[in-house]
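Work through the exercises below with the sequence and the 3D structure open beside you. Try each task before reading its solution.

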Amino acid sequence: MKVIQTEIEGVLIFEPRVFGDSRGFFYESFNQKVFDDATGGGFSFVQDNHSRSARGVLRGLHFQHAPHAQGKLVRAAAGAVFDVAVDIRKGSPTFGRWVGAELNAENHRQMWVPPGLAHGFLVLSETADFLYKTTDYYAPQAEGAVRWDDPDLAIAWPDVGGPPQLSGKDAAAGSLRDL
């Protein structure tokens, strides 16, 4: 498995080695040793989540406050998404910066979003099945969100032919400055 460091410390892209032939494909989607070597260890996953969304749905930018901060290992098992991680760690040299990557069923890429970052994705395909492994349980009392279109972040979201579809909670999210 190839591991790519992004511009934000700790945010990684995992590219698995895919073995394919006329019957289909096989790849190792998770290996604890490879993950520990890449992240420095100390993370264990406690919950797996699966969402299905239609084209133009934008989920995020979500996070959980400490002591329930979540690390997320995310991938698109079907379809395609533009996946984004935003550094909201106070005191970080990359605070307020974002990285994005297309994750899709063809490239099999995964993004590791460490605890302390906000995360979101925009569906680029007709539908997308999005899977996440998390390092802490969902804790509604600890959840937070940053606006997807915060001008201080200036995220370059791909054009999906119209404004994104948001949940009420995401539409009401505050700015990075509100944090």
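**Exercise 1. An aromatic pair**

Is Phe121 buried or exposed? Then classify the ring pair that Phe121 forms with Phe130.

Solution. Keep in mind that this is a predicted model.

Step 1. The relative accessible area of Phe121 is 2%. Buried means under 20%, so Phe121 is buried.

Step 2. Phe130 has a relative accessible area of 1% and is buried.

Step 3. The ring centres of Phe121 and Phe130 lie 3.9 Å apart, and the planes meet at 25°. Planes under 30 degrees apart count as stacked, so the pair is stacked.

**Exercise 2. The ends of helix 1**

What is found at the start of helix 1, and which residue follows the helix?

Solution. 

Step 1. Helix 1 covers residues 32-39. At its start, a side-chain oxygen of Asn31 comes within 3.0 Å of the backbone nitrogen of Lys33.

Step 2. After helix 1 comes Gly40, with a positive phi near 85°.

**Exercise 3. Strand 8 and its sheet**

How many residues of strand 8 are buried, and which strands pair with strand 8?

Solution. 

Step 1. In strand 8, 8 of the 8 residues are buried, so the strand is largely enclosed by the rest of the structure.

Step 2. Now sort the side chains by direction. In a regular strand, side chains alternate between the two faces of the sheet. Ala80, Phe82, Val84 and Val86 point one way from strand 8, and Val81, Asp83, Ala85 and Asp87 point the other way.

Step 3. Strand 8 pairs with strand 9 in the antiparallel sense over 7 bridges, and Val81 stands opposite Leu103 in strand 9. Strand 8 also pairs with strand 11, antiparallel over 7 bridges, and here Phe82 stands opposite Leu122.

Step 4. Strand 6 (residues 58-64) and strand 13 pair over 3 bridges in the antiparallel sense, with His62 opposite Ala145.

**Exercise 4. The nonpolar cores**

Which residues of the largest nonpolar core touch the most other members?

Solution. 

Step 1. This core has 19 residues, and those touching the most other members are Val11, Val81, Ala85, Leu103, Met111 and Phe130.

Step 2. Several strands each supply at least two residues of this core, among them strand 8 (80-87), strand 9 (98-104) and strand 11 (117-123).

Step 3. Take Ala85 as an example. Leaving out residues up to four places away in sequence, Ala85 touches Ile8, Val11, Arg97, Trp98, Val99, Met111, Val113, Leu117 and Ala118.

Step 4. There is also a second, separate core of 18 residues, including Leu124, Trp148, Leu153 and Ile155.

Notes
Residues numbered from 1 in each chain as written. Predicted model: local features only at pLDDT ≥ 70, side-chain atom pairs only at ≥ 80, totals over all residues. Heavy atoms only, no water. Core = buried A, V, L, I, M, F, W, Y, C linked by side-chain atoms within 4.5 Å. Buried < 20%, exposed > 50% of the residue type's maximum accessible area, 1.4 Å probe, protein only. Helix = DSSP H or I, 4+ residues; strand = E, 2+ residues; numbered from the N terminus. Contact = heavy atoms within 4.5 Å. Polar contact = N/O pair within 3.5 Å; in protein donor to acceptor, adjacent residues only side chain to side chain. Pairing = 2+ DSSP bridges. Phe/Tyr/Trp six-rings, centres within 6.5 Å; stacked < 30°, edge-to-face > 60°.
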